[in-house]
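Here are a few notes to read with the model open beside you. Take them one at a time and find each residue as you go.

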Amino acid sequence: ETLRPTQEPAKPQAAQPVPSEKPLVLVTMGSDSDLPVLKAGLDILRQFGVPYALDITSAHRTPRYMMKVADEAAARGIKVIIAAAGGAAHLPGMMSSETPLPVIGVPVKATHLDGIDSLLSIVQMPRGIPTATVGINNSTNAALLAIRILGTSIPEFFTKMKKYQEKMEEEVLTKGSKLRE
Ligand code: RP5
């Protein structure tokens with residue numbers, strides 16, 4: 001599949017991982033109601049050919065399962081965790097406390113507070129438990145950051161990211177040159 005940086009991402013047929021490959025990224029969420037927000041990020045992972053696994057690990061409704069998944073992620077071969085949650089969004093921070101892997105939190109706009117509650121819950125982690133935080137509902141950037149992290153040790157993803165950025169630059173410059181005509 002070609003990389004389409006600034007165009008509308010193609011809708012994945014279903015939120016299914018790249019099959020028959022060991023997942024490198026775990027994409028998890030507090031509730032299946034978060035899944036629509038994750039679709040754009042899943043599409044990016046698929047465009048880049050990143051094998052991923054999906055799960056629901058609620059910090060409040062399934063705390064023991066959440067901790068088990070975080071604890072076992074590295075042994076499964078997972079390199080990065082993307083965790084989406086809304087409201088009192090403890091999921092990314094709690095998973096981060098249970099694994100040495102990098103965790104990227106996606107604040108989901110799920111309440112009347114428009115996602116500010118989720119954003120602050122994720123970004124304001126105490127010293128010692130770093131948890132990367134992207135913008136509200138911005139699963140695209142979570143996926144791109146995960147791929148950049150993979151790119152530090154997997155040349156294929158480093159090269160693909162470089163091409164993605166070059167294509168994005170080219171597209172914007174082309175749009176600008178049309179405006180200047
Ligand atoms: C959080 O509560 C989830 O991450 C979700 O964003 C929010 C609402 O969950 P549901 O009530 O829709 O299951 O735990």
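This is a predicted model: local features need pLDDT of at least 70, side-chain atom pairs count only at pLDDT 80 or more; totals for chains, interfaces and linings use all residues.

1. The spacing is worth a thought: an α-helix has 3.6 residues a turn, so residues three or four places apart point the same way.

2. Time to zoom out. The protein chain has six helices and five strands, and along the sequence they follow the pattern β-α-β-α-β-α-β-α-β-α-α. There are 181 residues in the chain, and 36% of them are buried. Look at contacts with a separation of 6 or more, and you'll see that 71% of them join residues 24 or more positions apart.

3. The crossing of helix 1 and helix 5 is right-handed. On the helix 1 side, the contact uses Val37, Leu38, Ala40, Gly41, Ile44 and Leu45, while helix 5 brings Ser139, Thr140, Ala142, Ala143 and Leu144. Sort the residues of this contact by type and you get eight nonpolar, three polar and no charged.

4. Is Leu45 buried or exposed? This residue of helix 1 is buried, because 26 other C-beta atoms lie within 10 Å and the cut-off for buried is 20 or more. Leaving out residues up to four places away in sequence, Leu45 touches Val25, Val50, Tyr52 and Ala143. Also check Leu45 against Thr140: they are 95 residues apart along the chain, yet 9.0 Å separates their C-alpha atoms.

5. Helix 5 has another partner, helix 6 (residues 155-180). Here the axes come within 7 Å and cross at roughly 130 degrees, which makes helix 5 oblique to helix 6. The crossing of helix 5 and helix 6 is left-handed. Ile147, Arg148, Leu150 and Gly151 of helix 5 meet Phe157, Phe158 and Met161 of helix 6. The residues of this contact comprise five nonpolar, one polar and one charged.

6. Most residues other than glycine have a negative phi. Asp114 has a positive phi, near 60 degrees, and Asn137 has a positive one as well, near 65 degrees. Where are they? Asp114 is in the loop between strand 4 (103-108) and helix 4 (116-123), and Asn137 is in the loop between strand 5 (132-133) and helix 5. Asp114 counts as exposed, with 11 C-beta neighbours inside 10 Å, whereas Asn137 is buried, with 22 other C-beta atoms within 10 Å.

Terms used. Residues are numbered from 1 along each chain as its sequence is written. A crossing is left-handed if the near helix is turned anticlockwise from the far one by less than a right angle, and right-handed if clockwise. Helices (H or I, at least four residues) and strands (E, at least two) are DSSP runs, numbered from the N terminus. Two residues are in contact if their C-beta atoms, placed from the backbone, lie within 7 Å. Ala, Val, Leu, Ile, Met, Phe, Trp, Tyr, Cys and Pro count as nonpolar, Asp, Glu, Lys and Arg as charged, and the others, Gly among them, as polar. A residue is buried if 20 or more other C-beta atoms lie within 10 Å of its own, exposed if 12 or fewer, and partly exposed in between; C-beta atoms are placed from the backbone. Axes are lines fitted to C-alpha atoms, for helices over the stretch in contact, and angles run from 0 to 180 degrees between N-to-C directions. Angles under 35 degrees count as roughly parallel, over 145 as roughly antiparallel, 65 to 115 as roughly perpendicular and the rest as oblique.
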